[in-house]
Amino acid sequence: MNYSALLNAHDIRPTANRIVIVKALASAMRPMSLIELEHAIGTIDKSNIFRALTLFREKHLVHIIEDGDGLRYELCHSNDHDHDNDQHPHFHCEQCRRTFCLDNTEIPPIPIPEGYEMHTANYIVRGICPECSRKKK
């Protein structure tokens, strides 16, 4: 994947730190917390990672998931650089505390009362992931 091109496509100047952060998010293949990103990267401090993530969110390169344990950041697989159009449910493992994308599962339609305007939906399924289930047996 060309990370510089991805950043440029979202009107984000591709600095060395931003490329490292995008690469870490892409290679994780799941939403990551700020602390998980800091540990995975190791060379960039938390405040610089947070500033980059804030910019990425403003430019619709990442979206934020609240999984009950905190905020997780995930690269948007959206084709629209102005809006997040790749909403999907997530699975949060109560044992290992990781959160996974359920990319091929649609969020069920939610009837919204008249007058309300929905922008995003945060659909979390909680339980035990396959890896933790195998460890229990």
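Predicted model: local features only at pLDDT ≥ 70, side-chain atom pairs only at ≥ 80, totals over all residues.
1. M29 sits in the loop between α2 and α3. Is M29 buried or exposed? M29 has a relative accessible area of 68%, and because the cut-off for exposed is over 50%, M29 counts as exposed.

2. There is another residue of this kind. H60 also has a positive phi near 60 degrees, again in a residue other than glycine. You'll find H60 in the loop between α4 and β1. H60 has a relative accessibility of 18%, so H60 counts as buried, the cut-off being under 20%.

3. Now for α2 itself. Helix α2 covers residues 16–28, which makes 13 residues. From first C-alpha to last, α2 reaches 19 Å, close to the 18 Å expected at 1.5 Å a residue. Which residues of α2 are buried? They are R18, I21, V22, A24, L25 and A26; note that an arginine is on that list. What do these buried residues pack against? Their partners are the helices α1 (3–9), α3 (34–41) and α4 (46–58), together with the strands β1 (62–66) and β2 (71–75).

4. Stepping back to the whole chain: there are five helices and five strands. Reading from the N terminus, the order is α-α-α-α-β-β-β-β-β-α. The C-alpha atoms fill a box of roughly 45 × 40 × 25 Å along the principal axes.

5. A few totals for the chain. Of its 137 residues, 36% count as buried. Among contacts with a separation of 6 or more, 49% come from residues 24 or more positions apart. The accessible surface comes to about 8600 Å², and carbon and sulfur atoms account for 51% of that.

6. F91 lies in strand β3 (residues 90–93), and F91 counts as buried because its relative accessibility is 17%. Leaving out residues up to four places away in sequence, F91 touches R98, T99, F100, L102, V125, R126, G127, I128 and C129. One of these, G127, is 36 residues from F91 along the chain, yet their C-alpha atoms are separated by 7.4 Å.

7. On to charges. Side chains of opposite charge can pair when their charged atoms come close. How many salt bridges does a search of the whole structure find? The search finds seven. R30, E36, D67 and R72 are linked in a network of salt bridges.

8. Another salt bridge joins the side chains of R126 and E94, at 3.7 Å from N to O. This pair links distant parts of the chain: R126 is in strand β5, E94 is in the loop between β3 and β4, and they are 32 residues apart. R126 has a relative accessible area of 39%, so R126 is partly exposed. E94 is partly exposed too, because its relative accessibility is 40%.

9. E131 and K135 both lie in helix α5, four residues apart, about one turn of the helix. E131 is partly exposed, because its relative accessible area is 34%, while K135 is exposed at 59%.

10. Last, the surface. I110, I112, Y116 and M118 make a nonpolar surface patch of about 420 Å². Where is I110 in the chain? I110 lies in the loop between β4 (99–101) and β5 (124–127). With a relative accessibility of 44%, I110 counts as partly exposed.

Definitions and conventions:
Residues numbered from 1 in each chain as written. Heavy atoms only, no water. Helix = DSSP H or I, 4+ residues; strand = E, 2+ residues; numbered from the N terminus. Expected span 1.5 Å × (residues − 1). Buried < 20%, exposed > 50% of the residue type's maximum accessible area, 1.4 Å probe, protein only. Contact = heavy atoms within 4.5 Å. Patch = residues over 30% accessible without salt bridge, like charges linked within 9 Å, V, L, I, M, F, W, Y side chains within 5 Å. Areas by Shrake-Rupley, 256 points an atom, 1.4 Å probe, with all protein chains shown as cover. Salt bridge = Lys/Arg side-chain N within 4 Å of Asp/Glu carboxyl O.
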